[in-house]
Amino acid sequence: MAREPRGLAGLAVAAFAAACTCRSMLGFCPAHQLTRPAPAQRSRATALQAAATLYDMPVSNNGARVRLIIYAKGLDETGTVAVAPPSELGGLKSPEYMSLNPQGKMPLLSIEGGSPLYESDTIARYIIDAYADAGPSFVPATPEARALDNLISRIHDVYIAAIQSCMYRAVPPFGPFQSRWEALAEIKRQVGVINDLASEEGPFLTGSEIAHSDAALFPTMIFMQDMLPRFMQPGWEFSEEEAFGPKLARWWRHMTSGKVPAASKVLEEMNSALQKWDANGRYEGILHAGRRDTADPTIFDKIISKEIPSEVVYEDKRCLVFKDISPAAPVHLLVIPKRREGLTQLRNAAVEHEYILGHLLRVAAEQGKKAVGEGGYRIVINDGAEAAQSVFHLHVHVLGGRTMSWPPG
Ligand SMILES: N[C@@H](CCC(=O)N[C@@H](CS)C(=O)NCC(=O)O)C(=O)O
């Protein structure tokens, strides 16, 4: 049943809006930055007690999933559910917050007289259930549509939200992915999976009525429309139609048309927080977005694209191994990354290159063993012209088939 209005809407909204402007809103801050405000400054929204308080910040897509449902059901306007920043509880990693949500993440729903809830999926389902009579139900009408709703939400949670940090975090891992590029490609693939599943008729993902999966996916798509274009490069051109697929592009247009006021509100909240991320240089250091490999192409690009023929002995999605055209030993292979990612030289190596450096060495070892059998082989990486590096695209030499001297010349 919908709860009685408590008239706290103004306070709750004011607390949340004030939070939009504070520095801690500009990123997912470490706990020590989220200092507890003095009691006099604290919002009265929680003190005056709505039936529940959602602790969240505008930029949080996981929280926006719950906010969208709260807004569509009018629970904020009636003061039934207040929305407040985690700083009201001392910040995400404060003992008070952690005692309510041991994950130390947003969103958190504190329920008057009840146990706190965390994890956006659980909170969203609770709100849908507890306030079933307020506004749209968010529950599709048929078992098939409900199964589709659950499936889309789950794909979003397990395969997209889990790796979304590849779009905005400086360093890996991005969920199970060490490579930003591979994580981005996976996000794109999973968006395609959801596009294939989405209702043909629309305008929502499961049909004519808004459902939980719309609330789950929409905020993450706000991230995507803001962030994916930053990663544009040949072979990764961004357009809504191309990146989202035809059904999701049509759904996106509907959700952003103004015809779904709760979606418009979430869009505005998230976009204004994302603009601040941008203004604060969030993407400047991010590989493939603000920080790109702008060094000149080398002959290896043409070898990778097969414009120039080479004797390839091994290839996978990350690297190419081919015979050196002026061999310095009976066995002389070059192992190179297919994506240079700024690795013109080894000295540019950063945490985000660990996945490819490890991969190159493992493949070099495999190919070295294969080429020399029981004999020894030497791995060489020349860093800089003084060290005899001639092509400025990182490459690992595998040398063998003769006795080597030490030290190398
Ligand atoms: N699986 C969780 C994920 C929650 C999550 O990662 N929240 C982010 C904001 S969208 C957060 O609190 N990040 C801050 C941190 O991890 O310190 C959910 O769906 O609620």
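This is a predicted model: local features need pLDDT of at least 70, side-chain atom pairs count only at pLDDT 80 or more; totals for chains, interfaces and linings use all residues.
Pro203 is placed in the loop between helix 7 (180–197) and helix 8, where helices (H or I, at least four residues) and strands (E, at least two) are DSSP runs numbered from the N terminus. The peptide bond that leads from Gly202 to Pro203 is cis, with omega near 5°.

Residues are numbered from 1 along each chain as its sequence is written.

**The chain as a whole**

The secondary structure comes to 13 helices and nine strands. Of the 409 residues of the chain, 42% count as buried. Here a residue is buried if 20 or more other C-beta atoms lie within 10 Å of its own, exposed if 12 or fewer, and partly exposed in between, with C-beta atoms placed from the backbone. Two residues are in contact if their C-beta atoms, again placed from the backbone, lie within 7 Å. Among the contacts in the chain with a separation of 6 or more, 69% come from residues 24 or more positions apart.

**Two cores**

A nonpolar core is a set of buried Ala, Val, Leu, Ile, Met, Phe, Trp, Tyr and Cys residues joined through C-beta atoms within 7 Å. The largest one has 83 residues, and those with the most contacts inside it are Leu68, Ile69, Phe218 and Val266. Helix 8 (residues 212–227) gives the most to this core, with nine residues. Leaving out residues up to four places away in sequence, Phe218 touches Leu68, Met255, Ala263 and Val266. A second, separate core has 23 residues, including Leu333, Ala371, Val396 and Leu399.

**Helix 11 and its partner**

Buried residues in helix 11 include Ala263, Val266, Leu267, Met270 and Leu274. Gly281, with a positive phi near 75°, follows helix 11.

Helix 3 (residues 61–72) packs against helix 11 at an angle of about 145°, with the axes 8 Å apart. Axes are lines fitted to C-alpha atoms, for helices over the stretch in contact, and angles run from 0 to 180 degrees between N-to-C directions. On the helix 3 side, the contact is made by Asn61, Ala64, Arg67, Leu68, Tyr71 and Ala72, and they meet Ala262, Ala263, Lys265, Val266 and Met270 of helix 11.

Four strands form an open sheet in the order 2-1-3-4, with mixed pairing; two strands pair if DSSP finds at least two bridges between them. Strand 2 (81–84) and strand 4 (117–118) stand at the edges with a single partner strand each, so one side of each has no neighbour in the sheet. Strand 3 (residues 108–111) pairs with strand 4 in the antiparallel sense over two bridges, and Leu109 stands opposite Leu117 in strand 4.

**Residues to look up**

Glu119 and His288 each deserve a glance. Glu119 is found in the loop between strand 4 and helix 5 (120–130), and His288 lies in the loop between helix 11 and helix 12 (299–304).

| Residue | Phi | C-beta neighbours inside 10 Å | Class |
|---|---|---|---|
| Glu119 | positive, about 80° | 16 | partly exposed |
| His288 | positive, near 80° | 21 | buried |

Ile336 is placed in strand 7 (residues 331–337). Ile336 counts as buried because 21 other C-beta atoms lie within 10 Å. Although Ile336 and Val396 are 60 residues apart in sequence, they are 6.5 Å apart in space, C-alpha to C-alpha. Not counting residues up to four places away in sequence, Ile336 touches Phe300, Cys319, Leu320, His393, Leu394 and His395.

Asn348 lies in the loop between strand 7 and helix 13 (354–372). With 15 other C-beta atoms within 10 Å, Asn348 is partly exposed. Asn348 and Leu394 are 46 residues apart in sequence and 9.6 Å apart in space, C-alpha to C-alpha. Setting aside neighbours within four places in sequence, Asn348 is in contact with Gly342 and Leu343.
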